[in-house]
Amino acid sequence: MFQAIVSASTLRDALDSVSVLVDECKIRLNEDELAIRAVDPANVGMVDLTLDAAAFESYEADGGVIGVNLSRLEDIAGMANTGDLVHLELDEETRKLHIQIEGLSYTLALIDPDSIRQEPDIPDLDLPATIVVEGTHLDRGIKAADMVSDHIGLRVDEADETFHIEAEGDTDDVDLELGRDDLIDLSAGPADSLFSLDYLKDMNKAIPSDAEVTVELGEEFPVKLHYEFGEGMGHVTYMLAPRIQSD
Amino acid sequence: MFQAIVSASTLRDALDSVSVLVDECKIRLNEDELAIRAVDPANVGMVDLTLDAAAFESYEADGGVIGVNLSRLEDIAGMANTGDLVHLELDEETRKLHIQIEGLSYTLALIDPDSIRQEPDIPDLDLPATIVVEGTHLDRGIKAADMVSDHIGLRVDEADETFHIEAEGDTDDVDLELGRDDLIDLSAGPADSLFSLDYLKDMNKAIPSDAEVTVELGEEFPVKLHYEFGEGMGHVTYMLAPRIQSD
Amino acid sequence: MFQAIVSASTLRDALDSVSVLVDECKIRLNEDELAIRAVDPANVGMVDLTLDAAAFESYEADGGVIGVNLSRLEDIAGMANTGDLVHLELDEETRKLHIQIEGLSYTLALIDPDSIRQEPDIPDLDLPATIVVEGTHLDRGIKAADMVSDHIGLRVDEADETFHIEAEGDTDDVDLELGRDDLIDLSAGPADSLFSLDYLKDMNKAIPSDAEVTVELGEEFPVKLHYEFGEGMGHVTYMLAPRIQSD
């Protein structure tokens, strides 16, 4: 049993955060929240999303799992205007999801959850540095790195108490330095890791520009990015594996 | 003899309604109106346009016929700003159309009308259902149908007094239901026909979003779409042949 | 030695005026101005740019020459917001240009100036007609010509005291007539020349829409286009070779 009503913008933010990594996913319809965990085909990037029951206008679920085509569901959510509510109802017998938006009814065929890649376990890492940064700063650093390289470095300078988003190209280098005044919070520690820029660009696309992003970082360790949406009732954690530094 | 002055936006609305179906057309320069009838190469969609002499700032014509390249004429009209007036004057000897827009003179070579496909007779059908709907609703239904299929169904539910824009895909279905409250007017009757979505999408592109569209519909019969522009002095009727339903 | 601070918008206007003709250029870091001269690979279009020291927030230079990749430098300037200041500093030893914009550091590898095509001498022509026209009028004439031809004619009618931007296509013609009322200034003289539209379109892209453009013109002679930017402290002169008229 699953029946819910949610604002189109909250639904879109939720779907976007997952669709940057995978085309299909399992959605867990837990009693108190909707939850998605997914990993990209190359096992480099993971996402862990929860949307609390309180984020919905109404929410009733009993723990089922459905498989969905994300781009299809995003297209449907895209038919709604910003203020519109989206009604979702699962038909257990036909295994179809009925979606209603202001007089528009859409019947979405679901995918067998067993045919979808297994949900990953997001490792519980204890990373030494934590940076809280505005989404716009992160966006600026990623755009700058993209001018010179396919890789991006995230680094904390413990002495200066600064966070660096940097990239080294064949001839040119770029470095965005963010100090205490630019950051929302900084808990410095030994942290310097290199990542694939493509993945971080995709994750960044889903992060609302007004979001506060918590970055957990170590030395040649995965990075965790955490942000909230839906008035704090939607939670996204991305984890991205590091590239080996070659210098 | 043909000499006329018309607002750029009225001219553009007129040209757009025809150019979605054909690249070239005959324009009849009647004494009291400018008139175009055209059918697409596959004989599936027809358009019948009239623009009253009163829609022009000034209009003088004596019943000639000219052949024009529509995209060329649209490009020229596109050079005008919204408030600009377009001056049109036919040079009978050179068979060229002189177009003037705020100091810009354009000399357009005309096409021999005899080389253009014959104008269709728009059949005078007596269709059992008539729906008057806002252009924005039609647009929404067409966009929704486009997510799942190449065909679109238009149907009246006589019992519920509702108009349905619907489509059946391989796995997913979509149905926009418009009741009396959503419609400007409904004269219910037995009406359920299937159409090629490509044609309806093209016609829909030309319909101004604030237009009221009158839809005349039957059972497996052509649909007629009628709307006005140019402050009610321009009239467009589209007719679209049905596709055979397969169920 | 070179160290300067300049507004992002002034830097962008300067770079754009040169990058429409060439990919790489020499920049002369004179004591009282930054100067660029360049000619396109086909030797058809030339640009002569100077940006006075007064156009900078601060400017220190001693006459060096650097070679730069223009699109790279434009990308970096594109990272700045409109109000941002761009800090430029030359590292003589590493031959790299350090660029700083609001916490973002970019290290740009320079190009050996000797590997860049030689700077042209801009001939000092005494052309018989001078027209001063708003950038928007020039833009309109170029767009109109582009509808019918690959060439564009610029002509002064001495008797009517009008400036004509015109083009002859295979079947259609276009003529934008600008009289004394449309022009900022006109010093009439015998002037009628034909140019490649592609070059003029590129030059026009760089001209700010609110610029006053001074056009110097003769009979089958090159045209000179002059405009200013950066509050009158940046100066651009384009020179474009004529095409031979065939009538």
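This is a short tour of a predicted model, going from the whole assembly down to one residue.

**Stop 1: the three chains**

Colour the model by chain and start with A and C. Turn chain A by 120 degrees, with a shift of 0.0 Å along the axis, and it can be laid on chain C with an RMSD of 0.0 Å. That is how a three-fold axis relates copies. Now select A:T82: in chain A, its C-alpha is the one nearest the axis, 17 Å away from it.

**Stop 2**

Show chains A and B as cartoons. Which strands make up the open sheet of nine? Walk along it in the order β5(A)-β1(A)-β7(A)-β8(A)-β9(A)-β13(B)-β12(B)-β11(B)-β15(B), and you'll find the pairing is antiparallel. At the edges sit β5 (58-61) of chain A and β15 (191-196) of chain B, each pairing on one side only. From one strand to the next, the twist averages 20 degrees.

Zoom in on chain B and pick residues 162-168 (β12) and 173-178 (β13). These two strands run antiparallel and are joined by six bridges. For one example, select B:H164: its bridge partner in β13(B) is B:E177.

**Stop 3: helices lying across the strands**

Select residues 8-19 of chain A. This is helix α1, which lies across β1 (2-7) and β7 (85-91) of chain A, at about 105 degrees to β1(A).

Then pick residues 135-146 of chain B, helix α3. What does this helix lie across? Its strands come from both chains: β8 (96-101) and β9 (104-109) of chain A, together with β11 (151-157), β12 and β13 of chain B. Helix α3 runs at about 170 degrees to β13(B).

**Stop 4: an annotated stretch**

**Stop 5: one glutamate in chain C**

Finish at C:E119, in the loop between β9 (104-109) and β10 (129-134) of chain C. Is C:E119 buried or exposed? It counts as buried, because its relative accessibility is 14%, and the cut-off is under 20%. Show side chains to see C:E119 make a polar contact with the side chain of C:R28, at 2.6 Å. Leaving out residues up to four places away in sequence, C:E119 touches C:K26, C:R28 and C:R37.

Definitions and conventions: Residues are numbered from 1 along each chain as its sequence is written. Chains are lettered from A and ligands numbered from 1 in the order in which they are written. This is a predicted model: local features need pLDDT of at least 70, side-chain atom pairs count only at pLDDT 80 or more; totals for chains, interfaces and linings use all residues. Side-chain values use heavy atoms; hydrogens and water are left out. Helices (H or I, at least four residues) and strands (E, at least two) are DSSP runs, numbered from the N terminus. Buried means under 20% relative accessible area, exposed over 50%, partly exposed in between (1.4 Å probe, protein chains only). A polar contact is a pair of N or O atoms within 3.5 Å; within protein, one must be able to donate a hydrogen and the other to accept it, and residues adjacent in sequence count only if both atoms are side-chain atoms. Contact means heavy atoms within 4.5 Å. Copies are superposed by least squares on the C-alpha atoms of residues with pLDDT of at least 70 in both. Two strands pair if DSSP finds at least two bridges between them. Axes are lines fitted to C-alpha atoms, for helices over the stretch in contact, and angles run from 0 to 180 degrees between N-to-C directions.
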